[in-house]
Amino acid sequence: MTVRPILIAGDPRLAEKALPAAVFDSELAAFVDDLFETNTAADGAGLAANQIGDPRAIFVYDLLDEQGVRRRGHIVNPVLETSEIPETMPDPEDDLEGCLSVPGEWFPTGRAKWARVTGVDKTGAPVIAEGAGYFARCLQHETDHLAGHLYLHRLIGRNQRAARRMIKDRQWNRPGNSWLPDASATAQRD
């Protein structure tokens, strides 16, 4: 397994819609393992393939939900269904969201309270991931990535303006920025 560099906001590959995976072989299985390894090294809740420069519609997740239950899995060719998405200003304390492609930044982001993602696993077998709260946020966040959207695109009002300033200040408005998570963190976490 390999820890791969994670693309940072501004790289055009993050804005491209993912392509359905069509080949379910040992290369795909190894790639899913690399996604998990990279997500763990980055201490992430989830990671989409395009965040490491791969155009396939695949994401992994590994997190503890509000009840302390570990949610870990992967979905290939996901299809998202949600409850109603709020259109009002998100709560600055309860709705904070971050992203491995926007390292070190957190912004209030409105998300549906419930989400379900259907798809297949790395062998082509059907899978369903469904949940509320933090897990629902993660499922929506990762499928947004595969649609070519960062969570920054969902920001409104002053949060949207602050994010634009941050992107400009950090000079993330150009392609080619990435960061490499510490692979030694993987051994420490597992």
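Analyst: **The largest pocket and its surroundings**

Sorted by class, the residues lining the largest pocket comprise 13 nonpolar, seven polar and seven charged ones. In this sorting, Ala, Val, Leu, Ile, Met, Phe, Trp, Tyr, Cys and Pro are nonpolar, Asp, Glu, Lys and Arg are charged, and the others, Gly among them, are polar.

The structure is a predicted model, in which local features need a pLDDT of at least 70 and side-chain atom pairs count only at pLDDT 80 or more, while totals for chains, interfaces and linings use all residues. Residues are numbered from 1 along each chain as its sequence is written, and side-chain values use heavy atoms, with hydrogens and water left out. The pLDDT is the predictor's confidence in each residue, on a scale from 0 to 100. The protein chain has an average pLDDT of 93, and 96% of the residues score at least 70. Over residues 186-190, however, the pLDDT is below 50, and this stretch has ten contacts in the model beyond near neighbours in sequence. A contact means heavy atoms within 4.5 Å.

The largest pocket holds about 440 Å³ of space. Its lining has 27 residues, and those closest to the centre are Gly-44, Ala-45, Gly-98, Trp-106 and Tyr-134. A pocket is found on a 1 Å grid over the protein atoms alone: it is an open set of points where a 1.4 Å probe fits, with protein on both sides within 12 Å along at least five of seven lines, and lining residues have an atom within 4 Å of a point. Grid points are joined across faces, edges and corners, and the volume is the space filled by probe spheres set on the points.

Which elements form this lining? At least two residues each come from β3 (58-64), β5 (96-99), β6 (102-108) and α2 (133-146). Helices (H or I, at least four residues) and strands (E, at least two) are DSSP runs numbered from the N terminus.

Buried means under 20% relative accessible area, exposed means over 50%, and partly exposed lies in between (1.4 Å probe, protein chains only). Among the buried residues of α2 are Phe-135, Cys-138, His-141 and His-145. The buried residues of the helix pack against β2 (46-48), β3, β4 (70-82), β5, β7 (114-120) and β8 (126-132). Just after α2, Gly-148 takes a positive phi of about 90°.

Phe-135 is a residue of helix α2 and is buried, at 1% relative accessibility. Apart from neighbours within four places in sequence, Phe-135 contacts Tyr-61, Leu-63, Arg-71, Ala-129 and Glu-130. Its C-alpha atom lies 19 Å from that of Gln-51, 84 residues away along the chain.

Cys-99 belongs to strand β5 and is likewise buried, with a relative accessible area of 8%. Leaving out residues up to four places away in sequence, Cys-99 touches Gln-51, Glu-105, His-141, His-145, Leu-150 and Tyr-151.

Arg-56 sits in the loop between β2 and β3 and counts as buried at 16% relative accessibility. Beyond its neighbours within four places in sequence, the contacts of Arg-56 include Glu-27, Phe-31, Ala-49 and Leu-146.

Asp-43, in the loop between α1 (26-41) and β2, is exposed, at 59% relative accessibility. Its phi is near 60°, a positive value in a residue other than glycine. Asn-77, in strand β4, also is not a glycine and has a positive phi of about 55°; at 23% relative accessibility, Asn-77 is partly exposed.

Finally, the second largest pocket contains about 260 Å³ of space. Its 15 lining residues include Leu-150, Leu-152, His-153, Arg-164 and Ile-167, which lie nearest its centre. By class, this lining has eight nonpolar, five polar and two charged residues.
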